[in-house]
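I set out to look up the pockets of this chain and then its overall build. My entries follow in the order in which I made them.

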Amino acid sequence: MSRSLDSQLFLPTNAITDRMREIEFNGIKVAYRRSLDGNGSLFAPLIVEFFRNRVASVGSGQRFEKAYEWCSGPGFIGFALLAAGICETLCLADINPRALECIERTVKRNGLEDRVTYYLSDNLTAIPDSERFDLVVSNPPWFYQINPAHPLYAKLRDDLRPNDPGWKLHGDFFRGIGKHLVDGGLVCMSENEVHNANVVLPGFDGVPYDIRPRPAIDDWKMMMEEGGLDYVDTLFFSTPYGFDGEMVVAAKAPHGTYRTSDLGWGRKVITRTV
């Protein structure tokens, strides 16, 4: 993550700066407040392009039947995928009632009542057993334990957007999402520095920002296995923010159902083999 991106994400808010706003994705006007934007508004268009260019089924014109955005906030990514025609219907859920207020406004403003369901939910706890998805997407909290010695610690230690202490959210998600996935369902998570134990931000003289006991992907693979998911790969994608995006991909499918093929220059595409 670059300092320029950080400065966009975590600006101080007050009643004026945190007013209701709108951002448009291909005709869908998405309501949000700045305090609810953990970088989803910036990443949503990039993730749409990722699916178009790096998921073979989407590139060939197929759509997902129902996508779920976990830790959705106002639903930037989910609504962007819906607007792009990458999914037919959408489910959103977040723990913050203010995020649900934005989602409800977006659904009504755009006449999406028959295509979008949404829930106030602590992780997966309030998602009805009847909900089934063939795609799950998320830009969840990226960090395990913000370093108390880092200059940003006081600013971000109590902010829910970047923090998942001890990977509690990730663990509950990976262990529980399987019952909501159809066979062959994909999970695609926009994450950060998944192969590193310490995360260092540019411009802070090498002081670690996030301190992890081991690379995040090592913990997540174990959680996925416990939840009946198969880890597929981590794919990198370009961003204009001074760092590469990282998409962690898993599936509810036997190992080898999905594979990644190298397109060159470090670019991989996801293909279903059976």
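Entry 1, second largest pocket. I sorted the lining residues of the second largest pocket by class and found eight nonpolar, five polar and four charged. The model I am reading is a predicted one. I then looked up the volume of this pocket, which is about 280 Å³. Its lining comprises 17 residues, and S57, Q62, F64, Y258 and R272 are the closest to the centre. I noted that helix 3 (56–59), strand 7 (181–191) and strand 13 (267–272) each contribute at least two lining residues. Strand 7 gives the most, with five residues.

I recorded a volume of about 830 Å³ for the largest pocket. I counted 44 residues in its lining; P141, L160, R161, P162 and N163 lie nearest the centre. The elements that give two or more residues to this lining are strand 3 (64–69), helix 4 (76–83) and strand 4 (87–94). By class, I listed 24 nonpolar, twelve polar and eight charged residues in the lining of the largest pocket.

I found eight helices and 13 strands in the chain. The C-alpha trace spans about 50 × 40 × 35 Å along its principal axes. Of the 274 residues, 54% are buried. I also looked up the contacts between residues at least 6 apart in sequence, and 64% of these join residues at least 24 apart. The chain exposes about 12,000 Å², with 50% of that supplied by carbon and sulfur atoms.

Conventions: Residues numbered from 1 in each chain as written. Predicted model: local features only at pLDDT ≥ 70, side-chain atom pairs only at ≥ 80, totals over all residues. Heavy atoms only, no water. 1 Å grid on protein atoms, 1.4 Å probe; cavity = no way out; pocket = protein on both sides within 12 Å on 5 of 7 lines; lining within 4 Å. Points joined across faces, edges and corners; volume = space filled by probe spheres on them. Helix = DSSP H or I, 4+ residues; strand = E, 2+ residues; numbered from the N terminus. Nonpolar A, V, L, I, M, F, W, Y, C, P; charged D, E, K, R; others polar. Buried < 20%, exposed > 50% of the residue type's maximum accessible area, 1.4 Å probe, protein only. Contact = heavy atoms within 4.5 Å. Areas by Shrake-Rupley, 256 points an atom, 1.4 Å probe, with all protein chains shown as cover.
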